[in-house]
Amino acid sequence: MSRKLLDLWVGFFVVLGFAALLFLALRVGNVSSANFADTYQLTAKFDNIGGLKVRGPVKSAGVVVGRVTEIRFDPQTYEAVATLTIDSRYQFPKDTFVSILTAGLLGEQYIGLDAGGDEKMLSPGDVITKTQSAVVLEKLISQFMFNKASDGADKK
Amino acid sequence: MVEKSFSAVIALIRGIGHRLNTGLQRLGFAARFFVMLLVYSGQSFRRFHLTIREIYFSGFQSLLIILVSGLFIGMVLGMQGYETLQRYGSSEALGVLVALSLTRELGPVVAALLFASRAGSSITAEIGLMKATEQLTAMDMMAVNPIARVVAPRFWGGVISMPLLAALFSAVGVFGGYLIGVVFIGVDEGAFWSQMQGSVDFRFDVWNGVVKSFVFGVAVSLIAVFEGYDAVPTAEGVSASIKRTVVYSALAILALDFVLTSFMFRGL
């Protein structure tokens with residue numbers, strides 16, 4: 001086989017391979033939403049983060065505005081500290097409320113931002129303390145059981 | 001009687017020692033061979049058309065088996081995944097299941113196994129026969145380095161082809177899953193793609209798959225060229241080397257896959 005024809009087929013093969021990679025990157029994966037161009041970081045403290053994971057989404061009004069980039073334990077206050085990386089196109093007021101929510105009944109956990117009414121905006125590196133922890137199913141059930149039991153005791 | 005069983009034990013121990021000794025010796029030679037290969041690679045890159053020729057033979061000619069297997073594996077994943085997911089009422093997650101299992105595991109691993117048996121064995125056979133017919137010695141006599149002229153292009157051809165083949169395998173597999181899930185079974189098309197895009201991350205899933213297939217490419221190509229170069233130059237010796245290429249490649253791929261996976265996806 002002549003060298004030119006060989007080069008042609010190999011070129012075809014390489015282009016096909018890179019097209020497959022591009023397909024995986026753009027159609028199967030999602031490069032655009034996974035990486036934000038400009039970001040700033042906020043820190044939020046929770047009593048309990050439940051099943052929140054690093055790389056979990058941060059949503060406001062259902063739209064992904066950032067990602068959870070770090071979760072660590074603060075040994076002084078015994079709280080969980082989550083670092084949120086937010087797209088710098090989006091600014092949030094100082095009294096933004098942060099809560100850990102679950103997508104669907106058994107879905108992944110994510111952080112929801114509910115904007116408040118403050119005039120001042122959160123600046124990079126700020127710590128948000130107005131948080132609501134994850135709902136732990138066992139605690140919910142035990143609370144329910146205690147209520148039921150005390151109801152039964154009252155009736156007697 | 002006692003003396004007989006005693007000598008049998010001695011023979012057994014001697015056999016184990018001999019195997020261990022040859023095994024270690026071959027491993028040492030393989031390491032030295034790999035270093036020589038890297039050293040002479042520069043010399044072989046100056047005549048890059050040799051490598052291009054090998055990409056054609058091991059990469060382009062493996063396209064058919066890779067594409068067809070990828071399509072069928074994707075279709076099977078689509079069917080099996082749907083069967084299991086619909087029990088939990090989450091058949092929309094089919095896209096996620098197909099894409100993640102292909103890009104993370106099946107794409108790199110199965111493509112590498114196919115590559116080892118399709119291209120690796122033929123590389124070993126070619127180099128082994130060249131050695132058996134004393135072509136490698138003839139090259140040495142003409143002051144042509146056989147490692148730079150014969151071995152390095154085949155090695156790099158395999159290393160370059162492997163990630164491209166694995167990416168093609170995954171892409172065609174996702175298409176196969178789409179074909180079964182959306183076109184035949186009727187999973188919602190929007191949910192299929194959007195859930196897939198929501199949970200497949202480029203850096204963590206797709207790129208790690210590419211890294212894996214690159215490592216497999218290096219392992220398979222090295223085993224193939226080494227077994228060929230180290231073959232006993234007889235018909236029987238060459239056949240034994242080809243067998244060893246396929247067996248060692250499969251073992252290396254699966255063992256490396258375990259190691260790489262535990263590094264990449266730890267704590268996720």
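At what angle do the axes of helix 3 and helix 6 of chain B cross? In this predicted model, the two axes cross at roughly 40° and come within 7 Å. Helix 3 of chain B spans residues 63–85, and helix 6 of chain B spans residues 146–185. Because angles of 65 to 115 degrees count as roughly perpendicular and those under 35 degrees as roughly parallel, helix 3 of chain B is oblique to helix 6 of chain B. The crossing is right-handed. The contact between helix 3 and helix 6 of chain B has 18 nonpolar residues and seven polar ones.

On the helix 1 side, the contact is made by B:Met36, B:Leu37, B:Tyr40, B:Ser41, B:Gln43 and B:Ser44. Their counterparts in helix 6 of chain B include B:Ile147, B:Val151, B:Phe155 and B:Trp156. By class, the contact of helix 1 with helix 6 of chain B divides into ten nonpolar, three polar and one charged.

Chain A contains an open sheet of eight strands. Their order is 7-1-4-3-2-6-5-8, and the pairing is mixed. Strand 7 (127–128) and strand 8 (131–132) of chain A stand at the edges. Each has a single partner strand, so one side of each lacks a neighbour in the sheet.

Within this sheet, strand 2 (residues 57–60) of chain A pairs with strand 3 (residues 63–74) of chain A. The pairing is antiparallel and runs over four bridges. A:Lys59 has A:Val64 of strand 3 as its bridge partner. Strand 5 (residues 97–102) and strand 6 (residues 109–114) of chain A also run antiparallel, joined by six bridges. In that pair, A:Leu101 is bridged to A:Tyr110 of strand 6. Strand 5 of chain A pairs in the parallel sense with strand 8 of chain A, over two bridges. A:Ser99 has A:Gln132 of strand 8 as its bridge partner.

The two chains meet through 19 residues of chain A and 24 residues of chain B. On the chain A side, helix 1 (3–28) and helix 2 (31–34) each give two or more residues. Helix 1 of chain A provides the largest share, 15 residues. The chain A side that touches chain B has 14 nonpolar, three polar and two charged residues.

The model scores ipTM 0.81 and pTM 0.75. Chain B has an average pLDDT of 91, and 99% of its residues score at least 70. Among the elements of chain B, helix 3 has the highest mean pLDDT, 94. Helix 7 (residues 189–199) of chain B has the lowest, 82. For chain A the mean pLDDT is 83, with 91% of residues at 70 or more. Confidence in chain A is highest in strand 4 (residues 79–87), at a mean of 89. Confidence is lowest in helix 2 of chain A, where the mean is 52.

Note on methods: Residues are numbered from 1 along each chain as its sequence is written. Chains are lettered from A and ligands numbered from 1 in the order in which they are written. This is a predicted model: local features need pLDDT of at least 70, side-chain atom pairs count only at pLDDT 80 or more; totals for chains, interfaces and linings use all residues. Two residues are in contact if their C-beta atoms, placed from the backbone, lie within 7 Å. Ala, Val, Leu, Ile, Met, Phe, Trp, Tyr, Cys and Pro count as nonpolar, Asp, Glu, Lys and Arg as charged, and the others, Gly among them, as polar. Two strands pair if DSSP finds at least two bridges between them. Axes are lines fitted to C-alpha atoms, for helices over the stretch in contact, and angles run from 0 to 180 degrees between N-to-C directions. Angles under 35 degrees count as roughly parallel, over 145 as roughly antiparallel, 65 to 115 as roughly perpendicular and the rest as oblique. A crossing is left-handed if the near helix is turned anticlockwise from the far one by less than a right angle, and right-handed if clockwise. pLDDT is the predictor's confidence in each residue, from 0 to 100.
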